[in-house]
Amino acid sequence: MSNTTFQEHKAWDLPIRIFHWVNFTMVVCLIFMGLIMLFKKELGITGIDAKVGLKEVHIIIGYVFVLNLVWRIIWGFIGNRYARWNNIFPGKGFLSNIRHYLKSVKSGDAEQYIGHNPMGRLAISFIYLLLLTMAITGLVRAGTDIYYPPFGSMVADYITEPGTDPDSILPYVADGTDKDKVATLKAFKGPFGKVHLYGSYILMFMIVLHIFFVVRVEIKEGGSLITAMFTGKKILAKKPVDLD
Ligand code: HEM
């Protein structure tokens with residue numbers, strides 16, 4: 001019989017768990033809508049109304065995603081120790097933490113953490129930056145494509161011909177718009193669309209990687225990583241490295 005004594009530790013506070021599952025749901029829905037937009041021709045979806053309708057649904061889900069992300073950014077300054085940005089983004093002493101952790105994994109006796117282990121911190125930092133990039137490029141495209149907030153009215157004001165009401169112009173309809181300004185806008189929004197598209201591919205890859213490693217760490221190192229995102233509690237056999 002093993003003598004291991006397991007200790008329960010509070011890891012993820014309630015706002016973090018709510019953020020995580022809202023974020024997960026919104027990202028899945030955004031990817032689903034994004035793929036429909038990408039393959040609309042193949043799916044037999046044609047016409048400007050359908051094209052705009054798909055974008056509207058994607059953007060409305062996007063607003064929930066952005067608000068949830070903004071809330072998480074704020075919580076990273078006021079939440080518990082494991083929610084804080086200085087416990088997530090690499091900082092002082094991080095390289096030596098990584099070295100120790102990888103050495104312990106190699107030896108078959110991996111260090112345990114209440115928060116993220118150093119490799120997890122690297123992955124999560126990258127995922128947060130990616131989510132932020134998706135949020136910013138998405139909001140810019142929402143404004144420049146179909147004049148949706150927060151930048152839409154500014155864009156409509158810019159491309160509308162003098163003497164026309166900016167509220168009267170329609171997406172993908174040239175009436176009432178200045179040709180040269182529309183061309184300038186097209187050149188401006190192109191790179192944002194590219195970053196948004198390639199960012200979504202990288203994010204899909206990171207989601208697969210994230211799930212793979214969470215399951216792998218759970219099996220090899222224990223710690224109830226997956227249930228902790230529901231209960232907030234990790235059950236660890238060893239003294240965690242990041243315990244006060
Ligand atoms: C994790 C977050 C997101 C993912 C994975 C995602 C994914 C995608 C994908 C795959 C496309 C199709 C790309 C294309 O047609 O070239 C797309 C397009 C678009 N997304 Fe997102 N998106 C996200 C967040 C957002 C947000 C927050 C907004 C705005 C509130 C937004 C607004 C748009 C718009 C306006 C388009 C159309 C762009 C175009 O026609 O080129 N997206 N998104």
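**Figure 1. Largest pocket of the predicted model.** Helix 6 contributes the most residues to the lining of the largest pocket, 12 in number. This is a predicted model, in which local features need pLDDT of at least 70 and side-chain atom pairs count only at pLDDT 80 or more, while totals for chains, interfaces and linings use all residues. Residues are numbered from 1 along each chain as its sequence is written, and side-chain values use heavy atoms, with hydrogens and water left out. The pocket holds about 1300 Å³ of space. Its lining comprises 48 residues, and those nearest the centre are His-116, Ile-124, His-210, Val-214 and Leu-225. Two or more lining residues come from each of helix 1, helix 3, helix 4, helix 6 (179-221), helix 7 (225-231) and strand 2 (233-236). The lining divides into 33 nonpolar, 10 polar and 5 charged residues. A pocket is an open set of points on a 1 Å grid over the protein atoms alone, where a 1.4 Å probe fits, with protein on both sides within 12 Å along at least five of seven lines; lining residues have an atom within 4 Å of a point. Grid points are joined across faces, edges and corners, and the volume is the space filled by probe spheres set on the points. Helices (H or I, at least four residues) and strands (E, at least two) are DSSP runs, numbered from the N terminus. Nonpolar covers Ala, Val, Leu, Ile, Met, Phe, Trp, Tyr, Cys and Pro; charged covers Asp, Glu, Lys and Arg; the others, Gly among them, are polar.

**Figure 2. Second largest pocket.** About 880 Å³ of space lies here. The second largest pocket has 33 lining residues, with Gly-34, Met-37, His-58, Arg-141 and His-196 nearest its centre. Helix 1, helix 2 (48-78), helix 4 and helix 6 each give at least two residues to this lining. Helix 4 gives the most, with 9 residues. By class, the lining has 20 nonpolar, 7 polar and 6 charged residues.

**Figure 3. Crossing of helix 3 and helix 4.** The axes of helix 3 (residues 94-106) and helix 4 (residues 118-146) come within 8 Å and cross at roughly 125°. Axes are lines fitted to C-alpha atoms, for helices over the stretch in contact, and angles run from 0 to 180 degrees between N-to-C directions. The two helices are therefore oblique to each other, a class left after roughly parallel (under 35 degrees), roughly antiparallel (over 145) and roughly perpendicular (65 to 115). From helix 3, Phe-94, Asn-97, Ile-98, Tyr-101 and Leu-102 meet Pro-118, Met-119, Arg-121 and Leu-122 of helix 4. The residues of this contact comprise 7 nonpolar, 1 polar and 1 charged.

Figure 4. Asn-23 sits in helix 1 (residues 14-38). Asn-23 is buried, at a relative accessible area of 12%. Buried means under 20% relative accessible area, exposed over 50%, and partly exposed in between (1.4 Å probe, protein chains only). Neighbours within four places in sequence aside, Asn-23 is in contact with Phe-65, Asn-68 and Leu-131. Contact means heavy atoms within 4.5 Å.

**Figure 5. Backbone features in two loops.** Most residues other than glycine have a negative phi, and most peptide bonds are trans. The peptide bond from Pro-149 to Pro-150 is cis, with omega near 5°. Pro-150 lies in the loop between helix 4 and helix 5 (152-159). Tyr-147 lies in the loop between helix 4 and helix 5. Tyr-147 is not a glycine, yet has a positive phi of about 60°. Tyr-147 is buried, with a relative accessible area of 19%. Tyr-172 lies in the loop between helix 5 and helix 6. Its phi is positive, about 65°, although Tyr-172 is not a glycine. Tyr-172 is partly exposed, at a relative accessible area of 33%.
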